[in-house]
Each structure stands twice: as structure tokens, then as C-alpha cells.
Amino acid sequence: MEAPSTLPTMVKDGHDEANERERDTREMRRAVDVAATVRTSTAPNPWVGCVILTTDGRRFEGATHPPGGPHAEAEALAAVRAAGADPAGSTAYVTLEPCSHLGRTPPCADALVDAKVGRVVVAVEDPDWKVAGQGLSRLRQAGIAVTTGVEAEAVTEQLLPYLTHRRTGRPFVVLKMAATLDGGTAAPDGDSRWITGPQARADVHRLRAESGAVLVGAGTVRADDPSLTVRDAPGPDPLRVVLGTAPPDAKVHPCLGVQGDLGAVLDQLGDRGILQLLVEGGATVAASFHHRGLVDRYVLYLAPAFFGGRDALGLFNGRGAATMADVWRGRFLAATTLGDDLRVDVAPSTSTPSTPSPGRTAPAGRGEESN
Ligand SMILES: NC(=O)c1ccc[n+]([C@@H]2O[C@H](COP(=O)([O-])OP(=O)(O)OC[C@H]3O[C@@H](n4cnc5c(N)ncnc54)[C@H](OP(=O)(O)O)[C@@H]3O)[C@@H](O)[C@H]2O)c1
């Protein structure tokens, strides 16, 4: 697609570095926005955006297609050619390092070299062992100027599920719970519908659509009989996973039943190419993931409500910290108002993603491509 551009003529003499940095930031932010449009359609491949500025100041854009289709760079180059423009000497802004290997599509680094692109700006390197710097090397060997690290923080946040999966072999784990302000997640009679309002619940459906798999405990299946599909947002249904055994007539079927060590469960899901796992409770399952340090992101939907006593089910079942020194602490990332409710995103204090089990390498999941 060609986008209208109000850009000045490209600076080529290198004297105006401040302008170049400003333009790099602006165009990479645009590439991030383009990547966001395909967030739910590319998995198990990464959602990548590309902007190409041709030497006559025109801007073209591309985003990764669903698996088997063109990657962002190929899509943007195709847009350049479709408009009769010349990619030679252009600058390409790509959120993730261009791939260097032959998958279901040809290597993007080669496509940029063949198009005689003059400069490539990349936000983050691809940790997938099939790429891991080789895409950048291929470009540099061909004499293309390469700049890395532009808007790296924003792109790292956008691609965290993919980056975590390629580094650890496991999905990025998001624990989502809805609670009253005094931390209640279900009434003493087991009912939890609904703690939050329709806007918060639609947001949960968006989270589901972004997740390759959604997991609940058998206790939640018995209490709520959830279907765990995506209904109030656009996007595909995730793989449904039940920890324990779901009754045969439960709405969650067909689902994957899993048991035992949670690290092994994450390894198993990573091997299936699941980049993000959404854990939706209940309190026993939440405690199990939390106490093992397996949660990469906590998403809490808080209603302006109180159970007002001690007998509601809390966020976590079982025993918690016994002393103040043992209290778990994280970082607030965001607080968003959704109708009458509040969504609070919290990350563990250390940004280290969940680590693979001992002796396990961190390969790419089978059958996926990287960018
Ligand atoms: N507010 C919210 O966001 C929210 C979300 C979900 C649920 N809920 C509410 O929470 C309640 C259910 O929570 P719950 O704590 O009773 O049940 P739960 O956490 O949903 O499920 C616990 C069950 O999971 C199975 N399990 C198997 N391996 C496990 C492991 N490694 N760790 C933990 N569990 C494992 C066990 O089932 P077996 O006994 O079959 O072995 C265990 O009893 C319901 O009232 C529901 O409405 C609220």
C-alpha cells in the first residue's frame, strides 16, 4: 500500500544527523503501527511492519501475511513496484531483523539486496537461531547501510511473545484475573459472573484473540462451564487448554487436557508453536503459576466493588507470603479505564522471561518461520 507522504527530500549527505534520527524514529513508529494491524493473524510467525521510503520521498508500507504468505518487507517492496516506483537507494524500516533463510517464502534480506535498497533500519535483532544476526550480515555484506536499535523498546514490547518463545522455547505467559477492589474473584457460592462490565469482558476477548492458547483449571470448568472462544472481538479462537480433567459435556471441548509439572506444560505448548498463553484462572491455577515464577505479565481487571468480607475466593488460593520481606513485588506498566472498570498491567520486577527447564535448549518451535 502507498501512504501519503509529506516528507522532505531524503537527506543523503550525512550532515543532518538530527533530522535523520528524527525521521528514523517517526518511520519506525509507523512500522510499529502497521505491525499492530496484523497482531492476531501471523502466529506462529512474528507480526512485523515495514515502511519503505523511496528516494523521491514516497512512502510504502507492508505487514506480515498469515503463515505461508509474504513477509512485511516483501509486501512493502511489492507495493513500491505496483506503484511503478523504484526501490533502488530507498530506506527500509523494519521492526524485526529481516530473515536470511529459505522458509515457505524466500529470504527477506535477499529481497532487499536484490531490490538495491540503500539503507535498512531495524528495531530489534531476531533471536531465532535460523536468523540471529545473519539477516543483518547478509545486508552489510551486500554493501547496504544498516542501523539497528531504533525504537527497540517499543518493538520489544510489541513482539515480547515472539521474542520470549524464540529465546526460551516457551510461550509468553499472561495471567488474567477479574477481581473486586478487595481482591475477590468469586463469591463464596462459587459464582463469579460477572465481576466486571462488558467493556472489560470485550478486552479479555481481544487478549484471547492475541493468544495462541488459553488455559483454565478444571475447577473453573466445573464452576463456570466457559467456552473460552473469541466472540466480542475480531480474531481467531485460541487453542483451549484445561489443567486437570474437563467433564465430557463441558463447553470447552474440543480442548487439550494437561496435567503435572507446569514447566513441562509450557515446554509442550512452546513445541506446538504457541507464542502467548493466556491463563484465565481460577485461583488455584493462578497460585500455581505465580508461585513458580512462570507469569510474564499480570493483567488484572478491577471493578469498583467490594465483597466486604474474608470468605470470597481471592486472586490466589492457598498460603501466600508469611512476612513483609516475602511479599512479591512487580512494576506497574499501565492502568486503563474500561467502562466502569480498571485494567492494570503488571510485570515482574526482573524482566527475565520464564526460563526453559534444565538441559533444554531454546529452539524455535517446529514448523514456524521467523520474520
Ligand atoms: N474472577 C476471575 O477472573 C475468575 C477466573 C476464573 C475462575 N474464577 C472462579 O474461580 C473458581 C475456580 O477456581 P478454583 O481455584 O476452584 O479452581 P481452578 O484454579 O480453576 O482449578 C483448579 C484445578 O485445576 C486442576 N489442576 C491440575 N493441575 C494443576 C496444577 N498444577 N495447579 C493447579 N491446578 C491444577 C485441579 O483439578 P482436579 O481437581 O480436577 O485435579 C485443581 O483442582 C470458580 O468459582 C470460578 O468462578 C474466577
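Predicted model: local features only at pLDDT ≥ 70, side-chain atom pairs only at ≥ 80, totals over all residues.
Local features were considered only at pLDDT of at least 70 and side-chain atom pairs only at pLDDT 80 or more, whereas totals for chains, interfaces and linings use all residues. Residues are numbered from 1 along each chain as its sequence is written.

The protein chain contains ten helices and 14 strands; these are DSSP runs (helices H or I, at least four residues; strands E, at least two), numbered from the N terminus. Its radius of gyration, taken over C-alpha atoms, is 23 Å. This value is close to the 21 Å that the globule rule (2.2 Å times the number of residues to the power 0.38) gives for 371 residues, so the chain is as compact as a globular protein of that length. The C-alpha trace spans about 70 × 40 × 40 Å along its principal axes. Of the 371 residues, 44% count as buried, a residue being buried if 20 or more other C-beta atoms, placed from the backbone, lie within 10 Å of its own.

Eight strands form an open sheet with mixed pairing, in the order β10-β9-β8-β11-β7-β12-β14-β13. Two strands pair if DSSP finds at least two bridges between them. The edge strands, β10 (256–258) and β13 (330–338), each pair on one side only. From one strand to the next, the twist averages 25°. Strands β8 and β9 (residues 239–243) run parallel and are joined by five bridges; Val216 has Val242 in β9 as its bridge partner. Helix α10 lies across β7, β8, β9 and β11, and runs at about 135° to β7. Such angles run from 0 to 180 degrees between N-to-C directions, with axes fitted to C-alpha atoms, for helices over the stretch in contact (C-beta atoms, placed from the backbone, within 7 Å).

Helix α6 (residues 160–168) is largely enclosed by the rest of the structure, because seven of its nine residues are buried. Among them are Tyr162, Leu163, His165 and Arg166. The cover over the buried residues includes α5 (152–158), β7, α9 (262–271) and β11 (276–279). Gly169, with a positive phi near 80°, follows α6.

The ligand is surrounded by 28 residues, the closest being Gly217, Gly219, Gly244, Gly281 and Gly282; a residue is near the ligand if its C-beta atom, placed from the backbone, lies within 6 Å. Elements giving two or more residues to this shell are β7 (172–180), β8 (213–217), α8 (218–224) and α10 (283–291). Helix α8 gives the most, with five residues.

Terms used:
Buried ≥ 20, exposed ≤ 12 C-beta atoms within 10 Å, placed from the backbone. Contact = placed C-beta atoms within 7 Å.
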